[in-house]
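I opened a new notebook page for this model.

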Amino acid sequence: MAVRLPDVADLDPAGREVYDLFPANLSRGLAMTGSSAKPYLSLGLSFRTGALLPETRELVILRVGAVTGAAYEIHHHWREARDVGVSDSRIDSVVSGATSFGDRRVDALIAFVDDVLARIKGGGADTTHMQEFYSDNEIAVITLLVGHYVMTALFIGTLGIVPEEGDVDGASSLAEATAKLHGEPVKGGR
């Protein structure tokens, strides 16, 4: 059974700050965690400005969403993946569980994500094939990204957080939230 998310009007100032940063059902849930909400959201947004190519980041998030059954993650990151140049056929393949993509770099990436998820109860994933295509720093970021989105999948699944109604542009919301967090101008002047 899903928990009742707070109405936006009932959020305390800290919760409202998180919601205003990223106006989504996830933020309403995060607001329930008090002082963890903004740092958690900040960690998630940090991957947007880090060492990874946007295509890599989105493929990782989509695969984690698919493996964990996190429809919310897939909903928000499908358009984001498209916006950064990932083809619909590649997105479909990643989300459907394919293991071969006609690109050795993507094959290694998705195999690594699957390995990290398969070894979640102990023992680290094998980085051998990843090291052919990714730096040690990128492998570290990818591993942290997988862990963050697994935790997000558990959070949204346990609380019963569902995608927002209507045509919410998650990609635009994520870009705006990242800009706000870093004190940068937001496109459209918002």
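**Entry 1: the model.** I noted first that this is a predicted model.

**Entry 2: helix 4 and helix 6.** I recalled that two packed helices are described by the angle between their axes and the distance between the axes. I looked up both values for helix 4, residues 54–68, and helix 6, residues 88–96. Their axes come within 8 Å. They cross at roughly 40°. Helix 4 is therefore oblique to helix 6.

**Entry 3: who touches whom.** Next I listed the residues where these two helices meet. Helix 4 brings Leu 59, Leu 62, Arg 63 and Ala 66. Helix 6 answers with Arg 90, Ile 91, Ser 93, Val 94 and Val 95. I sorted the residues of this contact by type: six are nonpolar, one is polar and two are charged.

**Entry 4: salt bridges.** I turned to charge. Side chains of opposite charge can pair when their charged atoms come close. How many salt bridges does the structure hold? I found 10.

**Entry 5: Arg 57 and Glu 80.** I picked this salt bridge to look at in detail. The closest N and O atoms of Arg 57 and Glu 80 are 3.0 Å apart. Arg 57 sits in helix 4 and Glu 80 in helix 5, residues 71–83, so the bridge ties together parts that are 23 residues apart in sequence. Are the two residues buried or exposed? Both Arg 57 and Glu 80 are buried. I also found the pair in a network of salt bridges that links Arg 48, Arg 57, Glu 58 and Glu 80.

**Entry 6: Arg 82 and Asp 88.** Here the closest N and O atoms of the salt bridge are 2.6 Å apart. I checked accessibility for each partner. Arg 82 has 42% relative accessibility, so it counts as partly exposed. Asp 88 has 37%, so it too counts as partly exposed.

**Entry 7: Glu 132 and Arg 104.** I ended with this salt bridge, at 2.5 Å from N to O. What does it tie together? Glu 132 lies in the loop between helix 7 (104–118) and helix 8 (136–159), while Arg 104 lies in helix 7, so the pair joins parts 28 residues apart in sequence. Glu 132 is partly exposed, with a relative accessible area of 46%. Arg 104 is exposed, at 53%.

Notes
Residues numbered from 1 in each chain as written. Predicted model: local features only at pLDDT ≥ 70, side-chain atom pairs only at ≥ 80, totals over all residues. Heavy atoms only, no water. Axes fitted to C-alpha atoms, helices over the stretch in contact; angles between N-to-C directions. Helix = DSSP H or I, 4+ residues; strand = E, 2+ residues; numbered from the N terminus. Parallel < 35°, antiparallel > 145°, perpendicular 65-115°, else oblique. Contact = heavy atoms within 4.5 Å. Nonpolar A, V, L, I, M, F, W, Y, C, P; charged D, E, K, R; others polar. Salt bridge = Lys/Arg side-chain N within 4 Å of Asp/Glu carboxyl O. Buried < 20%, exposed > 50% of the residue type's maximum accessible area, 1.4 Å probe, protein only.
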